[in-house]
Amino acid sequence: MVGHLNSDHPADLLVGPDTGDDAAVWRIDAVRALVSTADFITPVVDDARTWGRVAAANSVSDIYAMGGRPLFALNLVGWNVDELPTELLGEVLAGGQDIATQAGFVIAGGHTIDDPEPKYGMAVTGEVHPDRILTNSGLRVGQDIVLTKPLGIGVLTTAIKAGLATPEQADAAVASMVRLNDVASRVALAAGATGCTDVTGFGLVGHLGRMALESHVSVTVEFGAVPFLPGAADLAAEGMVPGGSRRNLAWALEFVDPGDHDDVHQLLVADAQTSGGLVFGVDPSETAGVLRELAATGHLAAHVGTVTAGDPGIRLR
């Protein structure tokens, strides 16, 4: 949501178009606006410091999805003080600091509660130019759709927990989750993107589908163009699919036409991601340059679809 900072009219803070799933924007002046978001997750890997890095990268992602720059954050922690040592929590927080240092923002403090199940994340505040906010209602007819990270995190983390992922598959999943979306955000802005979101818990079809609905456009997704992490498709075919992905698909079928794609393909594009990439629309004249720049910075990005006029939603082809 977008609002204006005005101490005389606090009720007017949250007005205007929705900018993202868990974020709000307050205009300060003609060239500055504050962005605020919060997120936390349960462990997705065994190593505490790695989990901290993944959770922090996931938490800051909404700032980048709106075209913003993070300024500072507060740690959000749920910790089982009776069963988990504080030294382990120190490792988690060190992982969060790793990401903060890499991204250039300050961790200004935080809050911890006693919780039977450990959780970690951040409340992040950033800044963005009010006229350059990327929104989930900004897709335009004729644009190409670019995805900046491969899918399959939900499948692979499920396989990791079951002991069925190879070390190479696990390493690829972690590398994807800890990659920040800062470069992808700058590339999207430079290419003139207007609509953008990050791909997280609701999967590609959930988040992109919401963009299509909010933008009143139809999006065709070419399944063969969608990148997946190594082993994700095979593991999904073997049943390594998290419950969240199945719920995503059941919900998304209200606005997704799956065509003749089977259940495994549908579940793969509905796969629940942790710290996934950005998905945004750009003019076709910009697509090749965007993909070159993302590839040069180590991203496994792809042109995965197109935006057309028609009934709002997604068509899988």
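## Close-up views of a predicted model

**View 1. The lining of the largest pocket.** Helix α3 provides the largest share of the lining of the largest pocket, namely five residues. This is a predicted model, in which local features need pLDDT of at least 70 and side-chain atom pairs count only at pLDDT 80 or more, while totals for chains, interfaces and linings use all residues. Residues are numbered from 1 along each chain as its sequence is written, and side-chain values use heavy atoms, with hydrogens and water left out. Helices (H or I, at least four residues) and strands (E, at least two) are DSSP runs, numbered from the N terminus. At least two lining residues come from each of β3 (33–41), α1, α3 (153–161) and α8 (243–252). The pocket holds about 520 Å³ of space, and Ile41, Gly201, Ala272, Gln273 and Thr274 are the closest to its centre among the 26 lining residues. On a 1 Å grid over the protein atoms alone, a pocket is an open set of points where a 1.4 Å probe fits, with protein on both sides within 12 Å along at least five of seven lines; lining residues have an atom within 4 Å of a point. Grid points are joined across faces, edges and corners, and the volume is the space filled by probe spheres set on the points.

**View 2. The largest nonpolar core.** A nonpolar core is a set of buried Ala, Val, Leu, Ile, Met, Phe, Trp, Tyr and Cys residues joined through side-chain atoms within 4.5 Å. Buried means under 20% relative accessible area, exposed over 50%, and partly exposed in between (1.4 Å probe, protein chains only). The largest core has 74 residues, of which Trp51, Ile145, Leu147, Leu208, Val219 and Val279 touch the most other members. Helix α1 (residues 48–65) contributes the most to this core, with nine residues. Beyond its neighbours within four places in sequence, Leu208 is in contact (heavy atoms within 4.5 Å) with residues including Leu139, Val221 and Ile314.

**View 3. The seven-stranded sheet and helix α6.** Seven strands form an open sheet with mixed pairing, in the order β8-β11-β7-β12-β9-β13-β10. Two strands pair if DSSP finds at least two bridges between them. The edge strands, β8 (196–198) and β10 (256–257), each pair on one side only. Strand β10 runs parallel to β13 (residues 313–316), and two bridges join them; Asp257 has Arg315 as its bridge partner in β13. Helix α6 (residues 203–215) lies across several strands, including β7 (144–147), β9 (218–221) and β11 (278–282), and runs at about 130° to β13. For this angle, axes are lines fitted to C-alpha atoms, for helices over the stretch in contact, and angles run from 0 to 180 degrees between N-to-C directions.

**View 4. The loop around Gly310.** Gly310 is located in the loop between β12 (302–308) and β13. It counts as partly exposed because its relative accessibility is 42%. Not counting residues up to four places away in sequence, Gly310 touches Val217 and Ser218.

**View 5. Strands β2 and β3.** Strand β2 (residues 23–27) is largely enclosed by the rest of the structure, because four of its five residues are buried. A hairpin of five residues joins β2 to β3. The two strands run antiparallel and are joined by five bridges, with Trp26 opposite Leu34 in β3.
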